[in-house]
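Subject: Structure handover

Hi,

Here is the structure I promised to pass on. Please open it next to this email as you read.

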Amino acid sequence: MNVRSSGARAELVEQLPPPPDEAVVIRTRGLTKRYGELRAVDGIDLEVGRGAVYGFLGANGSGKTTTVRMLLGLVLPTSGTAEVLGRPMPAGRAEVLPRVGALIEGPGAYPHLSGRANLALLDASGADRLPRRSRHPRITEVLAEVGLDPADRRPTRAYSLGMRQRLGLAAALVRRPDLLVLDEPTNGLDPQGIQEIRELLLRLNAAGTTIFLSSHLLAEIEQMCSHVGVLDRGRLVLQERLDVLLRPTGLVAVRTPDVQRATELLGSAVAGVEADRLLVRALDAAGLNAHLVAAGLRVAELGPHRRDLEQVVLEAGRLP
Ligand SMILES: Nc1ncnc2c1ncn2[C@@H]1O[C@H](COP(=O)(O)OP(=O)(O)OP(=O)(O)O)[C@@H](O)[C@H]1O
């Protein structure tokens, strides 16, 4: 509808309070946590849009878990603000947490109870427990979803680390959350398990769940995230869409056994040399190839240059 043609309606809309901004599911401003002299998290401005799979990368001790704990209202910031699902945290905890599924640091479970019994107990202890009739089928469904056998009656003390991680994920999923916050979700899983969990998370995301996951595994982030935030000693040194970070740099990468001669031939067009690879400023890759071959140089590989996530992250960490 053309707003200009309906002045009264436009006026009315202007008088209403703005709706909570849920296009941005997580937003922090200057979020800081100090432990004595240590700035574990140092003034970070996170922005996670609805529908994103946001990978929160950082070395051990860079502040990921502390950030996640502040987002969930488990740790109070020293300064700065955090908003989750449009509400300030920790003040909005009662409204926000029922809509958030979280898996942080080695999920706890009663060792003498089965996975099913653990989930039922967890649900029963929540303020917004599932209706009695749907509890049993929902728990069956969610156990199967994470790849655990719903009929398994063994106590969880018999579980492998990977099975415990799956159970933790099942607990996070029981209420069909709008936002999943996962701290190192594939910890302890074998390659097959990692792939299954990745596929599950992508399915949930396709169905509308926003996912915020912390990891120190670049490959994990590269394979499943739409956005990346990089934490380095408490500071957010990079926050960007993954496709933007990995798009071509505008240089042409040439792999040749004749590096020395190629460097001489191309002169100032060479932007960098790494082992048998030259990075060349050239608008026309095919023309560059013809030029090298005409000069008698052997070209093993030639194409647009892209940085991989590891290079991007290393460079971001070197920023002042
Ligand atoms: N309760 C606490 N008291 C004092 N220092 C703390 C506390 N919690 C965390 N820290 C310190 O804050 C820094 C950030 O820790 P945090 O656990 O958030 O990092 P991380 O990126 O999650 O690391 P990891 O991947 O190892 O879990 C570390 O130096 C840690 O020792």
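Below is what I found, from the overall layout down to single residues.

**Ground rules**

This is a predicted model, in which local features need pLDDT of at least 70, side-chain atom pairs count only at pLDDT 80 or more, and totals for chains, interfaces and linings use all residues. Residues are numbered from 1 along each chain as its sequence is written.

**Overall layout**

The protein chain has 12 helices and 15 strands. Both are DSSP runs, numbered from the N terminus: helices are H or I with at least four residues, strands are E with at least two. The domain assignment gives domain 1 (24–245) and domain 2 (251–304). Such bounds come from an automatic or database assignment. The C-alpha centres of the two domains are 45 Å apart.

Of the 320 residues in the protein chain, 33% are buried. Buried means 20 or more other C-beta atoms within 10 Å of the residue's own; exposed means 12 or fewer; partly exposed is in between; C-beta atoms are placed from the backbone. Take the contacts in the protein chain with a separation of 6 or more: 66% of them are between residues 24 or more positions apart. A contact here means two C-beta atoms, placed from the backbone, within 7 Å.

**Around the ligand**

The residues around the ligand are Tyr35, Leu38, Ala40, Gly58, Asn60, Gly61, Ser62, Gly63, Lys64, Thr65, Thr66 and His216. Each has its C-beta atom, placed from the backbone, within 6 Å of the ligand. By class, this shell has 3 nonpolar, 8 polar and 1 charged residues. Ala, Val, Leu, Ile, Met, Phe, Trp, Tyr, Cys and Pro count as nonpolar, Asp, Glu, Lys and Arg as charged, and the others, Gly among them, as polar.

Strand 2 (38–44) and helix 2 (64–71) each supply at least two residues of the shell. Helix 2 gives the most, with 3 residues.

Strands pair if DSSP finds at least two bridges between them.

Strand 4 (residues 53–58) and strand 10 (residues 227–232) are parallel and pair over 5 bridges. Gly55 has Val228 in strand 10 as its bridge partner. Axes are lines fitted to C-alpha atoms, for helices over the stretch in contact, and angles run from 0 to 180 degrees between N-to-C directions.

Helix 2 is mostly covered: 8 of its 8 residues are buried. Just after helix 2, Gly73 takes a positive phi of about 75°.

**Strand 1 and its partners**

Strand 1 (residues 24–35) pairs antiparallel with strand 3 (residues 47–49) over 3 bridges. It also runs antiparallel to strand 5 (residues 79–84), joined by 5 bridges. With strand 2, strand 1 makes 4 bridges, again antiparallel. In the hairpin of strand 1 and strand 2, 2 residues lie between the strands, and Gly36 takes a positive phi near 60°.

A second open sheet has 4 strands in the order 13-14-12-15, with antiparallel pairing. Strand 13 (270–274) and strand 15 (301–304) are its edge strands, each pairing on one side only. Here the twist averages 20° from one strand to the next. Strand 12 (residues 251–255) and strand 14 (residues 277–281) are joined by 5 bridges. Arg255 has Arg277 in strand 14 as its bridge partner. Helix 11 (residues 285–294) lies across strand 12, strand 14 and strand 15, at about 155° to strand 15.

**Two residues to look up**

Pro98 is in the loop between helix 3 (93–96) and strand 7. Pro98 is partly exposed, with 14 other C-beta atoms within 10 Å. Leu314 is in helix 12 (residues 309–317). Leu314 is exposed, with 11 other C-beta atoms within 10 Å. Leu314 and Val230 are 84 residues apart in sequence, but their C-alpha atoms are 10.0 Å apart in space.

Best wishes
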